[in-house]
Amino acid sequence: MTTKLYQLKTVSCPSCIAKIEKMLMKTKGIQLAEVLFNSSRVRASFEEREVGSQEIRNLIEKLGYQVIGEK
């Protein structure tokens, strides 16, 4: 299991948080997805055999949120 933080440009509303978390939790291999509103970060725990970090970035960006970094 791998856990990463994805820094987003901005997350401005509670419905944005729900949209990101819901989409990520539906993705095979992701065990936990949590948006940290105050810091505009997404914490994701996932199985790298099933989903890659770049794929998670792509999913977030597909919703319209720019990923500007990852740890």
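**Entry 1: the annotated span**

I began with the UniProt record, an unreviewed entry, which lists "domain: HMA" for residues 2–68. The model I am reading is a predicted one, and I keep the record's annotation apart from what I compute on the coordinates. For residues 2–68 I find the end C-alpha atoms 19 Å apart, with 33% of the span in helix and 33% in strand.

**Entry 2: strand pairing**

Next I looked up how the strands pair. Strand β2 (residues 30–36) pairs with strand β3 (residues 41–46) in the antiparallel sense, and I count six bridges between them. One of the pairs I noted is Leu-36, whose bridge partner in β3 is Arg-41. The two strands β2 and β3 form a hairpin with four residues between them, and in its turn I find Ser-40 with a positive phi of about 55 degrees.

Strand β3 also has a partner in strand β1 (residues 2–8), again antiparallel and over six bridges; here I noted that Leu-5 has Arg-43 as its bridge partner in β3. Strand β1 in turn runs antiparallel to β4, to which three bridges join it, and in this pairing Leu-8 stands opposite Val-67 of β4.

**Entry 3: the nonpolar core**

Which residues touch the most other members of the largest nonpolar core? I find that they are Tyr-6, Leu-8, Leu-24, Val-42, Ile-56 and Ile-60, in a core of 20 residues. I then asked which elements give two or more residues to this core, and the list is β1, α1 (14–25), β2, β3 and α2. The largest share, five residues, comes from α1.

I followed Ile-60 through its contacts, leaving aside neighbours within four places in sequence, and found Tyr-6, Leu-8, Met-23, Leu-24, Val-42, Tyr-65 and Val-67.

I then turned to Ile-20, which is found in helix α1 and is buried, its relative accessible area being 0%. Not counting residues up to four places away in sequence, Ile-20 touches Leu-8, Val-35, Val-42, Leu-63 and Tyr-65.

**Entry 4: salt bridges**

Side chains of opposite charge can pair when their charged atoms come close, and I searched for such pairs with a cut-off of 4 Å between the side-chain nitrogen of Lys or Arg and a carboxyl oxygen of Asp or Glu. The count comes to four salt bridges.

I took Glu-34 and Arg-43 to start with, a salt bridge in which the closest N and O atoms are 2.7 Å apart. Glu-34 is partly exposed at a relative accessible area of 29%, and Arg-43 is likewise partly exposed, at 30%.

The next pair I examined was Glu-47 with Arg-49, whose side chains meet in a salt bridge at 3.6 Å, N to O. I went back to Glu-47 to see its surroundings: Glu-47 lies in the loop between β3 and α2, and, not counting residues up to four places away in sequence, Glu-47 touches Met-1, Gly-29 and Gln-31.

I then looked at Arg-57 and Glu-70, which form a salt bridge with the closest N and O atoms 3.0 Å apart.

How values were computed. Residues are numbered from 1 along each chain as its sequence is written. This is a predicted model: local features need pLDDT of at least 70, side-chain atom pairs count only at pLDDT 80 or more; totals for chains, interfaces and linings use all residues. Side-chain values use heavy atoms; hydrogens and water are left out. UniProt positions are given in the numbering used here, feature names are shortened, and annotations may be inferred rather than shown by experiment. Buried means under 20% relative accessible area, exposed over 50%, partly exposed in between (1.4 Å probe, protein chains only). Two strands pair if DSSP finds at least two bridges between them. A nonpolar core is a set of buried Ala, Val, Leu, Ile, Met, Phe, Trp, Tyr and Cys residues joined through side-chain atoms within 4.5 Å. Contact means heavy atoms within 4.5 Å.
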